[in-house]
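Please open the model in a viewer and have the selection panel ready.

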Amino acid sequence: MAQCILKIALDTPLNALFDYRWHDDTQDELPQVGQLALVPFGRREITGLIVGVSDSSDVPEEKMKQVLVVRSQLAPLLPQWLALAGFAADYYQRPLGEVALPGLPKNLRVSTTVALDRAIKKLAKLPEAHDARPHNMPRLNASQQEAADAIGGVQGFKPTLLYGVTGSGKTEVYLQSCAQVLARDDDAQILILVPEINLTPQLEGNIRARFPGIMLATLHSSLSEGERMLHWLAAHQGRARIVLGTRLAVLASLPRLKLIVIDEEHDPSYKQQEGLRYSARDLAVWRAWQLQIPIVLGSATPSLESWHHAQSGRYRKLELRERAVKNAVLPRVTLVDMERDKPVDGLTAHLIAALKLRMERGEQSLLFLNRRGYSPVICCESCGWISNCTRCTSFMVLHKPEHRLRCHHCSLELRIPRHCPTCGNVDLQPLGRGTQRVEEGLQQLFPEARILRIDADSTRRKGSAQEAFDSVHRGEVDILIGTQMVAKGHDFKKLTLVGILNPDTALFSQDYRASERLFAQLMQVAGRAGRAARTEGGSASEVLIQTRYARHPLYDAVVNHDYDHFATALLEERAQAALPPYLFQALLRAEAPELATAIAFLQAAKDSLAHPAITINDPIPMSMTRVHNVDRAQLLLESASRPALQAFLKEWLAALRAMKSRVKWSLEVDPLDI
């Protein structure tokens, strides 16, 4: 009879591993590290990860419970994957099980093996696909070819920042680099990360067309649980040669990984904002170092962290300064001064005339406004009442087509009041504009136009976003209105005009990253224009930015497409102000029914431990103080030494866990939003 003690990591908030007994009269072989096991935990049965096998334990035998099932039909997760999960747990100060298990498909973690057995059988029926020869390889320009050869030919760990203007053909460089890696190694796997789900269909189509003879797996949250299980298993078995996914895919099991590509590496979506608050970009870089393989970080507007690494020589920088399509040039950017050209219904005369010209020429236009809904707030001009959310320190946004007020933070919905709740005035007015209101105004200005709005409200149904983008690509849309969903990654061939509405609010944000994000957003959305070759008689591509601060240096950099000097200036400011990437931070957040309770907990946390190399700032309310009837506060820690901060956090967290408090708290390392 085979028996042993298994040390198992569980997805629990407890920072500990658990010992379980295992024995099986029918087997001679012991379970292996990296296998999954179903175990009793309290009144539940949950799946855990085996991280140790031994013949003894410090836990009294009478207190140890028996393992119910070991998932022996699944090959163990390899030591390199366990090391990745261990690093993430250690760096982000979370229990190992809380890192490793949520990254696995849900169907792997359920109490039955039916879904796993079904997926294994289904995958076994699929024919082996080993023909990695690329199809329809286009000819690259000199800069693209140099970049593809530099990436595809590298051996060992060499992080590369691929800095290319919008439309410079970074995707083609990725694909031809992949072709070189696949041709060199018959078993190689490649991981390609994108920041958002809506960017996967177009890239997936390109990959399948280029490499029809190999298996491609996709991993993102829009997949059904059955699909996700099948694709994860294909990656785990090494059958999927290319894995395309969003940030969660960085934790996929890839036993023969040889290249990692991170598209739009600057995008904040790569940072998980709930639970394990990890950076997929940073974990990908560590994973490449661990495996000693190349990694490519591509962007037209790199993050300041990556730019700093390139400037200091830690990353190799490759540049694509021109658009890939012959005769396609970067759009001309013009600032429309709203102090002189007063907008009517949110649109200046200059922008309206430009829209009309594109309509007459059969070309497409895009209006970008990163604010959904009809208007951000409704108010009573008689008494000053405004539509505040009763559960959050935010406004209830007017969604006119749905006849609702909606909070975008807690999802509270209310009917639009017929009169002011305070004074009874029936003349309530919307203030400001969202995409719905802009759409309404355009329909009145251009009744003959085919207008389409793409935002989180118009694309709630599964597949609706891709349907909308497909209609734009087919030329069935004259004017597209969109939020950040349309700002990056989409190649609209007939689009020659981009109008940017209301970008000024980001200029006055308390977030020190706001200018970096605004610049990236403006450059990305501007890059949707003029990506195809200009035809004779066609319009020159143009970007019109409506602003009241036309002399702001940020806009000057956008007009000149000058990321280099803008990033260099920002880095100098960060260095002078002692901010990341020249400083390392952690953020302790606390939530309680009353703000004073959260602040008191954070003050006690601050007083619990001190270190000469760590600055612990005073606790303050979060900018969005109340969400869903819960008050929130934060405590910022800073240090010039990453190792010192990490060592302090380990000791400090032990002290925090010992504090008796009903306050809900969480720690984030390398926070993006402060």
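**A sheet, a helix and a pocket**

Begin by selecting residues 2-9 and 18-24: strands β1 and β2 pair there in the antiparallel sense over seven bridges. Strands are DSSP runs of E with at least two residues, numbered from the N terminus, and two strands pair if DSSP finds at least two bridges between them. Within this pair, I5 has R21 of β2 as its bridge partner. The model is predicted, so that local features need pLDDT of at least 70 and side-chain atom pairs pLDDT 80 or more, while totals for chains, interfaces and linings use all residues. Residues are numbered from 1 along each chain as its sequence is written, and side-chain values use heavy atoms, leaving out hydrogens and water.

Next, select helix α12, residues 464-473; helices are DSSP runs of H or I with at least four residues. Its buried residues (under 20% relative accessible area, 1.4 Å probe, protein chains only) are S464, A465, A468, F469, S471 and V472. Seen down the axis of α12, these fall within an arc of 155° and so line one face of the helix; the arc is that of the directions from the helix axis to the C-beta atoms. After α12 comes G475, with a positive phi near 80°.Finally, select G169, T171, E172, D491 and R531, which lie nearest the centre of the second largest pocket (an open set of points on a 1 Å grid over the protein atoms alone, where a 1.4 Å probe fits, with protein on both sides within 12 Å along at least five of seven lines).

Definitions and conventions: On a 1 Å grid over the protein atoms alone, a cavity is a set of points where a 1.4 Å probe fits but cannot get out, and a pocket is an open set with protein on both sides within 12 Å along at least five of seven lines; lining residues have an atom within 4 Å of a point. Buried means under 20% relative accessible area, exposed over 50%, partly exposed in between (1.4 Å probe, protein chains only).
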